[in-house]
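Take a look at the structure below.

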Amino acid sequence: MPQRALFIALAERILFSLVIAMDTQLTWYGQSAFKIVTPNGHVLLIDPWLTNPVHDRGKDEVAGLKRVDLILVTHGHSDHVGDAVEIGKKTRAKLVATFDLSAAIVTTLGYPSELADVETTGHIGGTLTLLGGEIAVTFVPAWHGSGVSKEETAPSVYAGNPAGLVIAIRGGPTIYHTGDTDLFSDMALVSRFHKIDIMLVCIGDHFTMGPARAAEAVKLVKARTVIPMHYGTFPILTGTPEAFGRELKQRGAKAELRVMRIGETISLGAG
Ligand SMILES: [Zn+2]
């Protein structure tokens with residue numbers, strides 16, 4: 001019966017779109033900037049430098065952001081704080097950061113203080129349960145700097161130690177964003193507490209670990225899938241996904257390498 005066939009086709013389509021909608025969505029904007037849309041439709045930005053030199057739609061993207069629930073920042077450098085203040089003021093997103101970094105972003109850069117209260121402020125080793133329990137964010141160590149500067153030439157303001165972020169999403173993957181860091185042996189501790197499905201790993205060299213050291217970091221974390229970041233934004237960030245891929249292979253890392261294009265969105269199933 002044609003109506004019945006139509007009904008079944010329609011029902012299948014609705015079911016299919018529901019399944020798609022339930023997947024976590026991950027978008028990369030270049031450098032270390034990502035957007036995560038959770039299965040419940042919450043929107044998170046990490047290190048939101050959307051107007052970076054390799055993302056030509058940056059200004060449009062910032063202008064088009066209607067809903068952002070949380071902005072997570074790993075450390076105070078401008079290529080990570082990025083457009084956080086503008087987006088925070090516009091969307092009323094809450095700032096998720098360690099105590100000293102949060103204070104520096106509020107007092108030095110003008111992030112609205114009422115959006116950076118104790119609920120979303122923690123420190124290294126601590127886990128914050130947010131968005132009605134849909135996500136849990138754990139601050140983990142990173143080896144880098146973290147000063148906040150109002151302008152390039154202004155002296156930097158103390159912002160504590162830099163961090164990496166482990167973001168566990170209910171009904172979705174657990175994502176480890178390394179922030180900017182070198183390889184360090186305590187990265188192995190991350191896997192004792194979290195099964196990392198997706199590791200967003202800096203590979204650019206010069207200011208962070210390059211491909212070889214990043215590949216060793218992946219082995220310590222035992223990540224299932226790795227997505228390289230923090231490369232190619234400036235000529236000095238010379239690490240490439242190709243070199244990273246070679247190092248992963250040579251060093252016997254079992255992780256799957258997924259290289260994202262700038263502006264690309266991918267669907268991530270549950271962990
Ligand atoms: Zn950086």
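Trp28, Phe34 and Tyr231 come together as one aromatic cluster. The model is predicted, and ring pairs are judged here by centres within 6.5 Å. By that rule, the protein has 3 aromatic pairs.

How far can the coordinates be trusted? The mean pLDDT of the protein is 94. A value of 70 or more is reached by 93% of the residues. Strand β4, residues 70-72, has the highest mean, at 99. Helix α1, residues 2-22, has the lowest, at 61. Where pLDDT is low, the predicted coordinates should not be read in detail.

Now the fold itself. The protein holds 8 helices and 14 strands. Take the contacts with a separation of 6 or more: residues 24 or more positions apart account for 64% of them.

What about overall size? The C-alpha trace spans about 75 × 50 × 35 Å along its principal axes. The radius of gyration is 19 Å. A compact globule of 271 residues would have a value near 18 Å, so the protein agrees with that expectation.

Last, the surface and the interior. Of the 271 residues, 52% are buried, meaning under 20% relative accessible area. The accessible surface comes to about 12,600 Å². Carbon and sulfur atoms contribute 58% of that area.

Conventions: Residues are numbered from 1 along each chain as its sequence is written. This is a predicted model: local features need pLDDT of at least 70, side-chain atom pairs count only at pLDDT 80 or more; totals for chains, interfaces and linings use all residues. Side-chain values use heavy atoms; hydrogens and water are left out. Rings of Phe, Tyr and Trp (its six-membered ring) pair if their centres lie within 6.5 Å; planes under 30 degrees apart count as stacked, over 60 as edge-to-face and the rest as tilted. pLDDT is the predictor's confidence in each residue, from 0 to 100. Helices (H or I, at least four residues) and strands (E, at least two) are DSSP runs, numbered from the N terminus. The radius of gyration is taken over C-alpha atoms; the globule rule is 2.2 Å times the number of residues to the power 0.38. Buried means under 20% relative accessible area, exposed over 50%, partly exposed in between (1.4 Å probe, protein chains only). Contact means heavy atoms within 4.5 Å. Accessible areas come from the Shrake-Rupley method with a 1.4 Å probe; for residues, only the protein chains shown count as cover.
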